[in-house]
Amino acid sequence: MSACCKRMLGSRPNESMSESNANPSLRILCLGASMTAGFTRSHPLSWRITYSPYGKHLQDQIQRYVSSIPSVSSAKVEVVIDGHDGWTTAMVHDYVTSDKCELDLASFDFCLILVGSNDVGHGRSCQEVCSDLLTLHKALHDNGAQTVAITISELGRSYEELDQVAEAVNNWMRETLCDVPGVAGVYDFNTAIPNKSEPDEARRLELWCDGLHMTEWGYCVLATSIFKSTMRSLVDRHFGVEKPKPTEVQQVSPSDTTEDGDQQQLRSDSAVVTSLSSEGSRSNNATSAGTQETTVSKHAQNLASPQ
């Protein structure tokens with residue numbers, strides 16, 4: 001059964017910055033499947049499912065950053081989280097373009113799109129996934145939002161064949177989708193926060209809960225990585241801040257995140273999970289494997305050509 005996580009964080013007047021310089025604002029949509037919803041487990045063997053969306057932590061970090069900029073310190077940041085467990089890219093597109101969609105797509109400045117792993121899991125080809133991704137991004141562009149593509153996360157050690165297709169899709173995002181008008185950036189998820197190729201097993205267990213989804217702390221780290229490598233420069237541009245920032249993807253460790261009380265508790269809980277998981281994994285003598293590079297087909301690269 002598919003579950004949906006839809007949350008609105010923060011509050012702001014409906015005016016955008018272009019409508020009222022006295023009330024600058026930023027509205028972001030985090031759109032996707034279970035990773036966007038924040039699907040997680042207390043430990044790998046648990047059936048207890050909870051949700052800790054990265055968008056919640058991302059809003060906190062963007063709001064703190066914006067509040068530190070004198071010229072826009074009063075600006076309000078709102079993040080809407082719309083994640084659906086098990087949905088493919090085509091399902092997300094069909095939803096946001098249907099009468100059933102409750103989202104005001106025209107109100108968003110940016111949309112972060114994290115989908116594709118379920119497509120790969122259902123056996124869809126690189127060409128099919130890329131075509132659906134392009135269609136979804138263009139649907140958001142047609143409603144006025146700029147999009148940020150998030151690559152498909154590296155899957156666990158039991159999914160090596162699927163990772164080959166996922167990496168082909170990711171290469172298409174990095175090399176072709178990034179040049180489509182309306183695409184503001186590509187966040188390289190699987191490179192910034194690896195799963196099976198993470199050499200430090202303790203860190204891997206701290207960030208990943210079941211081979212496919214992240215721990216609560218993992219979603220905090222994801223939010224920090226997205227903010228530092230991608231969103232901070234887009235926020236500067238949105239508010240007209242003359243403050244150049246690095247745009248390359250950076251490796252982010254848990255210590256890079258500014259911890260409030262809740263995040264400190266998450267780290268404490270994560271340490272317990274890591275300890276429990278490590279005991280069960282020692283006998284496996286698991287080793288990490290590098291992500292296999294796959295060249296995207298010429299046909300897939302041409303998908304983003306002007307229609």
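How are H5 and H6 oriented to each other? In this predicted model, local features require pLDDT of at least 70 and side-chain atom pairs count only at pLDDT 80 or more, whereas totals for chains, interfaces and linings use all residues. Residues are numbered from 1 along each chain as its sequence is written, and side-chain values use heavy atoms, with hydrogens and water left out.

Helix H5 (residues 126-142) and helix H6 (residues 160-175) pack at an angle of about 40°, their axes lying 9 Å apart; helices here are DSSP runs of H or I with at least four residues, numbered from the N terminus, and axes are lines fitted to C-alpha atoms over the stretch in contact, with angles running from 0 to 180 degrees between N-to-C directions. H5 and H6 are therefore oblique to each other, the class left once angles under 35 degrees are counted as roughly parallel, over 145 as roughly antiparallel and 65 to 115 as roughly perpendicular. In the contact (heavy atoms within 4.5 Å), Cys126, Val129, Cys130, Leu133 and Leu134 of H5 meet Val165, Ala168, Val169, Trp172 and Met173 of H6. These residues comprise ten nonpolar, no polar and no charged, where Ala, Val, Leu, Ile, Met, Phe, Trp, Tyr, Cys and Pro count as nonpolar, Asp, Glu, Lys and Arg as charged, and the others, Gly among them, as polar.

Helix H3 (residues 89-96) also packs with H5, at an angle of about 25° and with the axes 9 Å apart, which makes H3 roughly parallel to H5. Here Thr89, Ala90, Val92, His93 and Val96 of H3 meet Asp132, Leu133, Thr135, Leu136 and Ala139 of H5, a contact whose residues divide into six nonpolar, three polar and one charged.

Note on methods. Helices (H or I, at least four residues) and strands (E, at least two) are DSSP runs, numbered from the N terminus.
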